[in-house]
Amino acid sequence: MNCSRKEIAANVGFSTIIDPKFKTASLTLRFITKLDSRTAAPNSLGVGTLSASNSRLTTLARLNERLSSLYGAALSTFTRKRGDVQILGLTASWITRRYAFDGENVDSEMLAIIRDCLFAPNVKDGEFDAESFAITKKDLLDRIDSELNNKRGYALSRAAEIAFRGEPAEFSCYGTKEAAAAVTSAEAYEAYKELIRTSRIEIFYIAPEENPEAEEMLRSCISELDRQPQDCVFRSKSPVREKVEEVSDKFDVLQCKMVMNFKSDSDDMAAMKLFSTIFGETPVSKLFMNVREKLSLCYYCACRTVASKGALMVDIGVEYANIDKARDEILRQLDEIRNGNITDEELQSAMMSLDNALTQIGDTPSSYSGWYFERLCDGKMVTPMEQLEIYKNVTKERIIEAAGTLTLDSVYLMLSKEADK
Amino acid sequence: MEKNILTSPVTGDSCIHVKHKSGLDIYICEMPGFSSVEALFGTKYGSVNTMFRMRDDKDYTTVPEGIAHFLEHKLFENEDCDVFELYAKTGACGNAFTSFDKTCYLFSCSKNYQESLKILLDFVQKPYFTKESVDKEQGIIGQEIKMTNDNPEWRVFFNMLRCMYHNHPVKIDIAGTVESIAEIDADLLYKCYYTFYNLNNMVLSVAGNITADEVLAICDECLKPCEDKGLESVFPDEPETIVQSEIYEKQEVGTPIFHIGYKCRPASGEERLRKSMAASVASSLLTDASSEMFRRLLIEGTINSSFGSEVFVGDGFFSVIFSGESADPEKVRDSLCEEVDRIVREGISEKDFQRIRKSAYGLMVRDLNNVESVANLMINAHMEGVSPYDAVNVLSEMKCSDVYEFIRSELCRDRQVLSVIEGTDK
């Protein structure tokens with residue numbers, strides 16, 4: 001595997017990863033900008049409309065017809081949140097020429113489609129094509145509404161909203177439904193122009209063999225832009241509340257959800273990751289073994305770090321009658337670690353689990369792209385194996401210390417109707 | 001022990017199939033350049049296998065709904081420890097799943113695969129159930145059942161199946177109900193285990209950074225020979241008709257969701273594969289974003305981009321499902337019926353057929369790019385009674401008329417079900 005990154009314009013990184021084992025090539029371009037409630041929806045719609053058509057393939061039907069004739073090539077756009085930052089982008093993947101039975105140059109065709117979507121969108125009189133924009137807007141509005149369809153995901157989003165109130169990370173990366181509904185096609189196009197002018201851009205091209213065409217195309221298109229990139233802050237620790245805040249919503253559901261938000265001022269992210277792994281990221285973690293296996297309180301109880309905000313979230317699906325019992329046990333298990341109750345086996349299994357996950361990076365194009373993009377955000381370019389060495393140097397004392405810095409900040413409860421009884 | 005090398009004539013990929021002396025079918029795919037290993041050890045035993053007997057049994061045994069899934073949970077507990085604790089020592093990420101017609105135990109890892117494979121083969125062959133451990137699991141699975149019942153995607157799917165099937169156990173929830181799992185005890189679990197976890201009814205699939213010789217040496221060491229006891233699973237007679245054509249349920253959802261299912265005639269072996277592939281191309285043609293129906297529904301806002309299709313197939317059941325989000329699912333259903341009628345009347349354009357077929361081929365090539373997909377491809381193909389690369393061959397031989405015939409004979413209005421989950425405020 002060969003991996004290299006170069007700046008092809010101001011604050012525009014182009015990373016190439018060449019790995020001959022793959023049968024596909026992929027290109028992902030990410031715009032990185034500050035998450036702001038005023039721009040979240042227009043940005044999302046601006047980038048979202050890029051995958052509905054372009055100036056050459058002027059309808060979704062034509063664009064999809066072309067993609068399916070290129071052996072089912074995939075092209076989509078995305079919006080997500082990473083702490084106080086909004087990340088938007090376009091990603092495409094396709095089987096390489098070697099597997100095209102009619103000898104078609106799929107790579108060149110796909111690069112041309114990507115070029116047109118990004119740099120020659122379907123725009124007339126300063127606004128996106130009405131049909132393409134309407135389809136994208138309907139998708140976004142439905143996506144915002146449908147967040148409730150996934151109860152666990154909804155509870156985690158609500159918990160983040162509460163934990164980070166007053167900070168950019170409070171907002172959804174899609175913006176509110178009202179904001180999205182109010183955006184016009186012209187405003188979405190303006191937002192896209194602003195993004196392409198001011199955001200940091202990171203591009204990943206991952207393929208089995210070198211193809212200078214990809215870099216040349218992007219370098220040439222970007223050189224024509226009036227770039228005035230602005231910096232983003234990738235990590236800003238969220239302040240902890242003086243008193244734990246509890247918020248609950250009632251829904252017509254059978255199972256309650258609880259999310260406990262903890263915050264920390266620690267900068268020892270490696271120790272925090274090991275703590276999180278031991279605490280609740282694996283089937284031998286303290287939360288799994290005790291809250292689920294020993295007490296039979298739940299099907300899932302797990303934790304995740306939100307390193308960009310110095311936070312850690314624990315979530316569980318639980319009976320209404322067992323909420324307090326579950327909360328007590330989660331806090332008790334945290335105290336166990338704070339008091340130094342970590343066995344050598346627990347530490348070793350956490351390390352093995354991280355080793356396993358890190359060694360697998362590179363077996364899919366998306367894992368390569370995800371890993372190196374996250375490291376760019378961290379400002380520390382390390383390989384998965386270098387990261388493993390960093391974890392190996394973490395001592396039990398550092399893990400205990402990291403656990404000691406966690407303070408319960410807020411709790412979100414999705415309550416069932418049992419709560420009324 | 002004979003090693004058969006199976007090769008895809010289209011992509012050149014290959015894997016090895018071995019019928020092990022223990023009775024187990026083994027598939028191995030060495031994938032140079034990849035770091036990870038994916039292994040699945042599965043049995044042809046899922047939620048639909050509720051009635052069965054062995055060759056020497058006089059009577060059929062009927063078991064409670066959800067027992068295959070319950071057994072999957074309990075097999076993770078050994079007499080002296082939890083299996084996850086063993087995997088924790090090798091770093092492997094272990095898991096399992098129960099579907100309608102199979103239960104699979106799996107792990108993925110990037111190091112120590114040989115030790116992890118020994119753990120997998122060992123614990124699946126070593127059941128240990130007690131009253132205490134069964135009682136403990138009722139609470140955990142009870143929560144799992146409640147969680148899935150709060151999931152509208154799950155509800156809309158099972159509501160559709162209940163409207164589609166009169167008798168076939170595919171209509172029952174994989175995990176059963178809180179009431180049905182209360183009937184499960186250790187003796188019943190042992191009965192099911194010794195019936196279905198016979199190596200002659202099982203398959204091992206391993207792909208990734210491995211060598212076939214190493215995998216086979218571990219199999220020789222760990223597999224305990226089994227006598228084929230002539231397992232027979234029976235399913236009640238299922239008429240071609242549906243139970244009812246519509247079902248609505250209210251749940252906490254932000255957007256209403258729907259499933260439109262067509263009950264088709266079941267098939268088995270290679271015929272099932274051919275029919276599934278034709279169904280897959282047919283449903284892609286109908287939901288393809290370039291189709292006139294899709295475009296019209298999208299522009300008028302009746303559907304969004306989540307509209308899609310799947311082919312749902314197994315022992316004694318076969319259906320094609322169209323799903324998505326819509327405030328007017330009846331209009332989607334009516335449009336689908338009109339589009340099916342139009343195709344039956346006017347035929348399928350050869351150009352569209354070739355394009356969709358090319359797209360399907362591309363998706364198959366992509367699957368061969370991924371260790372997990374390859375391991376799943378091998379086990380699924382075996383469970384369906386075909387070879388892993390048969391699908392590519394079937395696709396290359398498929399004709400436009402095969403797809404037309406599938407649409408004409410199977411996508412019938414009188415075998416169509418609409419299932420909707422709408423918001424509680426509607």
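A: **Surroundings of A:Tyr71**

Leaving aside neighbours within four places in sequence, A:Tyr71 is in contact with residues of chain A, namely A:Ile95, A:Ala100, A:Phe101, A:Asp102, A:Glu104 and A:Val106, and with residues of chain B, namely B:Lys358, B:Ser359, B:Tyr361, B:Gly362 and B:Leu363. The model is a predicted one. A:Tyr71 itself is located in the loop of chain A that runs between H2 and strand E4 (74–82). Its relative accessibility is 0%, so A:Tyr71 counts as buried. As for spacing along the chain, A:Tyr71 and A:Thr96 are separated by 25 residues in sequence, while their C-alpha atoms are 9.6 Å apart in space.

A:Thr59 has a relative accessible area of 15%; the cut-off for buried is under 20%, so A:Thr59 is buried. Apart from neighbours within four places in sequence, the contacts of A:Thr59 are A:Ala52, A:Ser53 and A:Glu131.

Next come the aromatic rings. Over all chains, the structure holds 36 aromatic pairs. One of them is formed by B:Tyr190 and B:Tyr194, which are stacked, with 6.3 Å from centre to centre and 10° between the planes. Both residues belong to helix H7 (residues 186–196) of chain B, where they are four residues apart, about one turn of the helix. B:Tyr190 has 24% relative accessibility and therefore counts as partly exposed. B:Tyr194, at a relative accessible area of 51%, is exposed, since the cut-off for exposed is over 50%.

Rings also take part in arrangements with charged groups. In chain A, the ring of A:Trp371 has the charged end of A:Arg375 over it, 4.0 Å from the ring centre. In chain B, the charged end of B:Arg53 sits over the ring of B:Tyr60, at 4.3 Å from its centre.

The largest cavity has a volume of about 40 Å³. Its lining is made up of B:Tyr45, B:Gly46, B:Ser47, B:Asn49, B:Thr50, B:Val63, B:Gly66, B:Ile67 and B:Ala68. By residue class, the lining of the largest cavity divides into four nonpolar and five polar residues, with no charged ones.

Definitions and conventions:
Residues are numbered from 1 along each chain as its sequence is written. Chains are lettered from A and ligands numbered from 1 in the order in which they are written. This is a predicted model: local features need pLDDT of at least 70, side-chain atom pairs count only at pLDDT 80 or more; totals for chains, interfaces and linings use all residues. Side-chain values use heavy atoms; hydrogens and water are left out. Rings of Phe, Tyr and Trp (its six-membered ring) pair if their centres lie within 6.5 Å; planes under 30 degrees apart count as stacked, over 60 as edge-to-face and the rest as tilted. Helices (H or I, at least four residues) and strands (E, at least two) are DSSP runs, numbered from the N terminus. Buried means under 20% relative accessible area, exposed over 50%, partly exposed in between (1.4 Å probe, protein chains only). A charge sits over a ring if NZ of Lys or CZ of Arg is within 6 Å of the ring centre and within 35 degrees of the ring normal. Contact means heavy atoms within 4.5 Å. On a 1 Å grid over the protein atoms alone, a cavity is a set of points where a 1.4 Å probe fits but cannot get out, and a pocket is an open set with protein on both sides within 12 Å along at least five of seven lines; lining residues have an atom within 4 Å of a point. Grid points are joined across faces, edges and corners, and a volume is the space filled by probe spheres set on the points. Ala, Val, Leu, Ile, Met, Phe, Trp, Tyr, Cys and Pro count as nonpolar, Asp, Glu, Lys and Arg as charged, and the others, Gly among them, as polar.
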